[in-house]
Amino acid sequence: MQAIAKSSPNIALIKYWGKRDTLKNLPAVDSLSLTLDSLWTTMDVKFSPEILQDELVINDEQQDKEFSRVQDCLNLVAGESRNFAKIKSSCNFPISAGLASSSSSFSALVIAANSALGKKWNTHLFANQASAISGSAARSLLGGIVELENISNGIKIQQLSKPNRWPLKVIIAITDTRKKSISSSEAMKLSAKTSPFYASWVQDQVFDMKEAKTAVVDQDFEKLAVISEHNCLKMHSVMWTSRPSIVYWNSATINCMHAIRNLQKKGEPVFFTIDAGPQIKAICLPENEDLVEKRLGEIVGVKSIMKSDLGSGPSVDINI
Ligand code: DP6
């Protein structure tokens, strides 16, 4: 039984950082994100009694690194006594470099594995399975602007805005494609244990979520810009004040932030967000997309630019 799913990464504006239960991988805070369109991961999953051991190939290369997480995901979806599986994945952007590749990968894996087993789409179940492996992955199950909310024994996701209702543009300045030095999971544990700001980060998230949700409903770009940058910088403050300090930025990351702040001073509707990596994601409106791309492209250390609209969520192909 085989299925192929395609899913895009999502970029959080109100961030997930920290876990309330590390064993179940439950997030400490609610979050809000944009699902992208032109970046994607495909996952081809085939279970068969004829396959003698699990096999994972990413972009045509045999992989060991993410293997155990992938196996955990398959065990969660199909049970520990499942058949072995062949998993073939392709990704059109750098992996593990702060571009949310785990969100597209694990959402696609959950969809493909369930579909290969003949299970029907179930947003709530799939979201909880995806989130148990990687917290941000659940949000990629829906398109447009998505909210992830903590509920008593898990999480719940819902679409706040369809992709075409508010056609925001995302421009990604890639400043380093190397894999990050510390994974988000490890960094989150360190932050929770050592940052003096962690408790207030968790406590204040409710206010940031409320503000961002109102901004989305009202399509208030300025309000969304202010709260998103504030939330991003708070998350990075928690990282920076961890012991040892977690700093994902490089000098080009900071220069991109200055360039965006300069555009804002001139009245351009644009803001930035940064995840667990040195890439800058600029969010803007269709009318200033070209200007933002040009400015970021001029900065020393920016290696390439990727652009995306908001996407409509994953798709699946089933061959049984
Ligand atoms: C900075 O989803 O990668 O991108 O649950 O440990 O796999 P795990 O973490 P992950 O964390 C993403 C953190 C972030 C912010 C966000 O996407 O909300």
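Q: In which helix does Val 77 lie?
A: This is a predicted model, in which local features need pLDDT of at least 70 and side-chain atom pairs count only at pLDDT 80 or more, while totals for chains, interfaces and linings use all residues. Residues are numbered from 1 along each chain as its sequence is written, and side-chain values use heavy atoms, with hydrogens and water left out. Helices (H or I, at least four residues) and strands (E, at least two) are DSSP runs numbered from the N terminus. On that basis, the run of residues 67-78 that holds Val 77 is helix 1.

Q: Is Val 77 buried or exposed?
A: A residue is called buried under 20% relative accessible area, exposed over 50%, and partly exposed in between (1.4 Å probe, protein chains only). Because its relative accessibility is 4%, Val 77 counts as buried.

Q: How far apart in space are the C-alpha atoms of Val 77 and Asp 21?
A: Along the sequence, Val 77 and Asp 21 are separated by 56 residues. In space, their C-alpha to C-alpha distance is 20 Å.

Q: Which residue has a side chain joined to that of Asn 25 by a polar contact of 2.5 Å?
A: Asn 25 sits in the loop between strand 3 (19-21) and strand 4 (26-27), and with a relative accessible area of 7% it is buried. A polar contact is a pair of N or O atoms within 3.5 Å; within protein, one must be able to donate a hydrogen and the other to accept it, and residues adjacent in sequence count only if both atoms are side-chain atoms. At 2.5 Å, the side chain in polar contact with that of Asn 25 belongs to Lys 19.

Q: What share of the ligand's exposed area does the protein bury?
A: Oxygen atoms of the ligand lie 2.6 Å from a polar side-chain atom of Tyr 16, 2.8 Å from one of Arg 139, and 2.4 Å from a side-chain N or O atom of Ser 185. Taken alone, the ligand exposes 450 Å² (Shrake-Rupley method, 1.4 Å probe), and the share of this area that the protein buries is 94%.

Q: What is the volume of the second largest pocket?
A: On a 1 Å grid over the protein atoms alone, a pocket is an open set of points with protein on both sides within 12 Å along at least five of seven lines, and lining residues have an atom within 4 Å of a point. Among the residues lining the second largest pocket are Asp 176, Arg 178, Tyr 248 and Trp 249. With volume taken as the space filled by probe spheres set on the points, this pocket comes to about 150 Å³.

Q: What is the omega of the cis peptide bond between Arg 243 and Pro 244?
A: Pro 244 lies in the loop between helix 6 (221-240) and helix 7 (251-265). The bond that joins Arg 243 to Pro 244 is cis, and its omega is about -5°.

Q: What is the phi of Asp 60?
A: Asp 60 is placed in the loop between strand 7 (55-58) and strand 8 (61-62), where it counts as exposed because its relative accessibility is 74%. Although Asp 60 is a residue other than glycine, its phi is positive, near 70°.

Note on methods:
On a 1 Å grid over the protein atoms alone, a cavity is a set of points where a 1.4 Å probe fits but cannot get out, and a pocket is an open set with protein on both sides within 12 Å along at least five of seven lines; lining residues have an atom within 4 Å of a point.
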